[in-house]
Amino acid sequence: MLADDVAVVVVRVSIPIEPMLGPDSNNGGVASTATYDGLSAPFRRFRPGTMAKLYFNYSTMNAGKSTVLLQASHNYRERGMDTYLMTAALDGRAGVGKIASRIGISSDADTFTAQDDVFAMIEGRLAKGKVACVFVDEAQFLTEDQVWQLARAVDDLKVPVLAYGLRVDFQGRLFPGSAALLALADEMREVRTICECGRKATMVIRQDENGNTITEGAQVQIGGNETYVSLCRKHWREAVGT
Ligand SMILES: [Zn+2]
């Protein structure tokens with residue numbers, strides 16, 4: 001299931017544009033027309049003149065959301081369009097960070113803390129040059145105010161914003177940023193992964209270093225030895241005993 005979902009994202013946006021420019025093509029070689037016609041539906045929505053949108057791509061842990069984000073950003077950049085990448089500063093320091101995926105690819109990104117005005121960050125980036133799309137990783141850590149700032153960036157600066165984040169924490173509760181995005185996003189998509197039983201995983205458990213399920217603790221734990229396992233709701237309930 002995971003492989004299929006990733007393939008949908010990766011393959012559809014990688015469709016070569018050359019077939020659109022065959023000898024029977026009647027577009028007179030207008031590159032922009034050909035380029036947009038060759039892109040997948042999500043890209044068509046970003047063509048100039050259409051309305052920018054706020055997207056929320058949500059998942060549970062280890063579903064590969066950072067991989068999907070980096071691939072989507074790469075698809076813009078290889079067509080000469082700039083993207084702006086942002087991610088949460090988990091150590092509390094703003095500055096230059098990294099979005100890294102478990103399969104080994106990474107990209108530099110500006111980091112935000114809970115105190116930052118993300119609208120101002122996007123506005124500042126746009127002042128330096130055109131951006132086709134803004135990508136926000138770890139969007140579950142946005143505050144509600146910051147999600148409104150992203151919505152304003154979409155509406156007023158007319159730039160598409162794709163936010164990627166976890167839907168619920170290890171106790172099955174919405175993260176604040178995800179709650180606000182579920183309320184405010186124009187479109188939502190699920191980045192899927194599977195439970196050990198083969199069903200879709202929508203929940204996550206936190207385990208200590210011995211593999212025991214932890215049911216209490218802070219929503220965000222930094223620098224510990226705990227690991228996270230994504231499960232379907234049934235197996236999550238068995239693991240946490242509810
Ligand atoms: Zn299961």
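Predicted model: local features only at pLDDT ≥ 70, side-chain atom pairs only at ≥ 80, totals over all residues.
Two strands count as paired here if DSSP finds at least two bridges between them. Three strands make up an open sheet in the order E9-E8-E10, and the pairing is antiparallel. Strand E9 (213–214) and strand E10 (227–231) form the edges, each pairing on one side only. Strand E8 (residues 203–207) is joined to E9 by 2 bridges in the antiparallel sense, and if you look for glutamine 207, you will find its bridge partner, threonine 213, in E9. Helix H8 (residues 233–240) packs on this sheet and touches E8, E9 and E10, with its direction at about 30 degrees to that of E8.

Let us move on to strand E6 (161–166). Of its 6 residues, 6 are buried, so E6 is mostly covered, by the criterion of 20 or more other C-beta atoms within 10 Å. Val161, Ala163 and Gly165 point one way from the strand, while Leu162, Tyr164 and Leu166 point the other way, and all are buried. E6 also has pairing partners to trace. Strand E1 (54–59) pairs with E6 in the parallel sense over 6 bridges, and asparagine 57 has tyrosine 164 in E6 as its bridge partner. Strand E5 (133–136) pairs with E6 as well, in the parallel sense over 3 bridges. Here valine 134 stands opposite valine 161 in E6.

While you are at E5, have a look at cysteine 133, which is found in this strand. Cysteine 133 is buried because 21 other C-beta atoms lie within 10 Å.

Next comes helix H6 (144–157). H6 has 14 residues and reaches 19 Å from its first C-alpha to its last, close to the 20 Å expected at 1.5 Å a residue. Its buried residues are Gln146, Val147, Gln149, Leu150, Ala151, Ala153 and Val154. What covers them? The cover includes E1, helix H5 (118–127), E5, E6 and helix H7 (176–184). Just after H6, lysine 158 takes a positive phi of about 60 degrees.

Helix H5 deserves a visit of its own. Val118, Met121 and Ile122 are buried in this helix. Why do they lie on the same side of H5? They cover an arc of only 95 degrees around the axis, and this places them together on one side. The buried residues of the helix pack against strand E2 (83–88), strand E4 (106–112), E5 and H6. After H5 comes glycine 129, with a positive phi near 155 degrees.

Several of these pieces meet in the interior. In soluble globular proteins, nonpolar side chains tend to be buried together. The largest nonpolar core in this model has 41 residues, and those with the most contacts inside it are Met86, Val134, Val136, Leu150, Val161, Leu162 and Ala163. H6 gives the largest share of this core, 5 residues. To follow one of its members, take valine 136: leaving aside neighbours within four places in sequence, valine 136 is in contact with Met86, Leu150, Val161, Ala163 and Tyr164. Apart from this core lies another, of 12 residues, among them Cys195, Met203, Val204 and Trp236.

Finally, two loops hold residues other than glycine with positive phi values. Asparagine 62 sits in the loop between strand E1 and helix H4 (65–77), and its phi is near 60 degrees. Glutamate 138 is placed in the loop between strand E5 and helix H6, with a phi near 55 degrees. Which of the classes, buried or partly exposed, does each belong to? Asparagine 62 counts as partly exposed because it has 15 C-beta neighbours inside 10 Å, whereas glutamate 138 counts as buried because it has 24 such neighbours inside 10 Å.

How values were computed: Residues numbered from 1 in each chain as written. Helix = DSSP H or I, 4+ residues; strand = E, 2+ residues; numbered from the N terminus. Expected span 1.5 Å × (residues − 1). Contact = placed C-beta atoms within 7 Å. Core = buried A, V, L, I, M, F, W, Y, C linked by C-beta atoms within 7 Å. Axes fitted to C-alpha atoms, helices over the stretch in contact; angles between N-to-C directions. Arc of directions from axis to C-beta.
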